[in-house]
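Hello,

Here is the structure I promised to pass on. Please open it first, then read the notes below.

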Amino acid sequence: DQLVLAKQDGEALKRFTALPVGSLPYMFYWLDGFRVQREWNRMGAFIEYLVQQLRNYLKLLGDYYACKKFTRYALKLVGTYTREIGRGELYDRALAQAMPYSFYEYEDALFEKEQYEQWGELQSYFGFEYNSISSERIKVLQKAAPEVLIPLYHQMIGDLIEMKNRSSYKQAARLLKKLRTVYKKLKRVPEWEEFFRKLLVRTKRLRAFHEECTRSKLIEVEEA
């Protein structure tokens, strides 16, 4: 602390890096001071070390909620620094190092940067609730990257059918219509027809689901 006050940052960091990784949170005090004083040049080397050690510290911490809390605070500091000096790649590295605790910040960053394919892969890999993607985002994807919606819709439809109740079948039929629209837009109708035919065979015992498909004119369209 005395060394940082005396602006002997190199020596302070050298001593700090010799400490066990469990000491990492003590660095927040200095980083916060640099942030308040807007001393971005001094902040750089400390931020680099924080990002480098993020994964190791989170492994040590273990508890999910403690990791989430630590990640949120660390990313706030890293984000402030990287925005100020235009080093987005360092923030991306911090996001990757802190996964899965940085999931929401990571997916937001990917969507904002219009990296829709990576965003979709992240959703599929970590699993998502069928209703967790906002309608605003769905609209953006329908326009900008409809192909990203295909695996997401497949997953949502599968989850809804698994719930095995009338309400979930209704929602699944609604999503199937949206999925069909995407396939048509991408001129991939034969793929849709093959998928839907197999789905009907696989769910032949689920009469209520087939009724909802008929009501939504999905089966009618297929048999016409």
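**Confidence first**

The protein as a whole averages a pLDDT of 90. A score of at least 70 is reached by 94% of the residues.

This is a predicted model, in which local features need pLDDT of at least 70, side-chain atom pairs count only at pLDDT 80 or more, and totals for chains, interfaces and linings use all residues. Residues are numbered from 1 along each chain as its sequence is written, and side-chain values use heavy atoms, with hydrogens and water left out.

**Overall build**

The protein has 14 helices and zero strands. Both are DSSP runs numbered from the N terminus: helices are H or I with at least four residues, strands are E with at least two.

The C-alpha atoms fill a box of roughly 80 × 35 × 25 Å along the principal axes. The radius of gyration is 24 Å, whereas a compact globule of 224 residues would have one near 17 Å. That radius is taken over C-alpha atoms, and the globule rule is 2.2 Å times the number of residues to the power 0.38.

Of the contacts with a separation of 6 or more, 59% join residues 24 or more positions apart. Buried residues make up 44% of the 224. Buried means under 20% relative accessible area, exposed over 50%, and partly exposed in between, with a 1.4 Å probe and protein chains only.

The largest nonpolar core holds 73 residues. Such a core is a set of buried Ala, Val, Leu, Ile, Met, Phe, Trp, Tyr and Cys residues joined through side-chain atoms within 4.5 Å. Leu31 and Leu176 touch the most other members. Helix 4 (residues 40-61) gives the largest share of this core, 10 residues.

Leaving aside residues up to four places away in sequence, Leu31 touches Met43, Phe46, Ile47, Leu50 and Leu77. Helix 4 also has a kink of about 50 degrees, centred on Leu54. The bend at a residue is the angle between axes fitted to the seven residues ending there and the seven starting there. Just after helix 4 comes Gly62, with a positive phi of about 80 degrees.

**Buried side chains**

Arg137 sits in helix 9 (residues 135-144). Is Arg137 buried or exposed? Arg137 counts as buried because its relative accessible area is 17%. Beyond four places in sequence, Arg137 touches Glu107, Asp108, Phe111 and Trp119.

Cys67 is buried, at 0% relative accessibility. Cys213 is buried too, with a relative accessible area of 0%. The whole structure has zero disulfides, a disulfide being a pair of cysteine sulfur atoms within 2.5 Å.

**Backbone points in the loops**

Most residues other than glycine have a negative phi, and most peptide bonds are trans.

- Met99 and Pro100 are joined by a cis peptide bond, with omega about 0 degrees. Pro100 lies in the loop between helix 6 (88-97) and helix 7 (103-112).
- Lys164 has a positive phi of about 50 degrees. Its loop runs between helix 10 (146-162) and helix 11 (166-185).
- Lys187 has a positive phi near 55 degrees. Lys187 lies between helix 11 and helix 12 (189-202), and is exposed, with a relative accessible area of 74%.

Best wishes

Notes: Contact = heavy atoms within 4.5 Å. pLDDT = per-residue confidence, 0-100.
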